[in-house]
Amino acid sequence: AIGAADGSGLWTFDAGSGILSSPAVSGDEATVLFGAYNGKLYAVHAEDGSEKWTWDIGGRVTGSPTLVGDHIYVTAQGGDLVALRTAAE
């Protein structure tokens, strides 16, 4: 993450593998989501880059996550579209 005011580095996150996707930021800007070659979707705290959770989607993440309501949609290698619910019912 880079500071908007002065361009200084704020934090980094090591996914342990390459990252192809662009990040998505939750509406409240508290969570940053992105996928990696290791097949995991990551959610990190926007403030400090600490990990909130990961989800193994079963294949290399090839697309950027999209947030719609309480769902996250992302594509995986092989053409799979994966949907995750962000809130409990």
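**Notebook: Thr31 and its sheet**

I started with Thr31, which sits in strand 2 (residues 31–35). I note that the model is predicted.

**Entry 1: Thr31.** Next I looked for a polar partner. The Thr31 side chain makes a polar contact with the side chain of Lys52, at 2.5 Å. I then listed what Thr31 touches, leaving out residues up to four places away in sequence. The list reads Ala24, Val25, Ser26, Ala43, Val44, Ala46 and Lys52.

**Entry 2: the rest of strand 2.** I checked how well strand 2 is covered. Five of its five residues are buried. Thr31, Leu33 and Gly35 point one way. Val32 and Phe34 point the other way.

Entry 3: I traced an open sheet of four strands, in the order 1-2-3-4, with antiparallel pairing. Which strands stand at the edges? They are strand 1 (24–25) and strand 4 (51–56). Each has a single partner strand, so one side of each has no neighbour in the sheet.

**Entry 4: pairings, one by one.** Strand 1 and strand 2 run antiparallel and are joined by two bridges. Ala24 has Leu33 as its bridge partner in strand 2. These two strands form a hairpin with five residues between them. In that turn I found Glu29 with a positive phi of about 60 degrees.

Strand 2 and strand 3 are also antiparallel, with five bridges. Gly35 stands opposite Leu41 in strand 3. Their hairpin has four residues between the strands, and Gly39 takes a positive phi near 85 degrees.

Five bridges join strand 3 to strand 4, again antiparallel. Here Leu41 stands opposite Trp55 in strand 4.

**Entry 5: the cores.** I looked up the largest nonpolar core. It has eleven residues: Ala24, Leu33, Leu41, Ala43, Ile57, Val61, Ile72, Val74, Ala76, Val82 and Leu84. Strand 3 (40–45), strand 6 (71–76) and strand 7 (80–85) each supply at least two residues of this core. Which strand gives the most? Strand 6 does, with three residues. Apart from this core lies another, of seven residues, among them Trp11, Ala15, Phe34 and Val44. In soluble globular proteins, nonpolar side chains tend to be buried together.

**Entry 6: Ala76.** Last, I picked one member of the largest core, Ala76. Setting aside neighbours within four places in sequence, Ala76 is in contact with Ile57, Gly59, Arg60, Val61 and Thr62.

Methods
Residues numbered from 1 in each chain as written. Predicted model: local features only at pLDDT ≥ 70, side-chain atom pairs only at ≥ 80, totals over all residues. Heavy atoms only, no water. Polar contact = N/O pair within 3.5 Å; in protein donor to acceptor, adjacent residues only side chain to side chain. Contact = heavy atoms within 4.5 Å. Core = buried A, V, L, I, M, F, W, Y, C linked by side-chain atoms within 4.5 Å. Buried < 20%, exposed > 50% of the residue type's maximum accessible area, 1.4 Å probe, protein only. Pairing = 2+ DSSP bridges.
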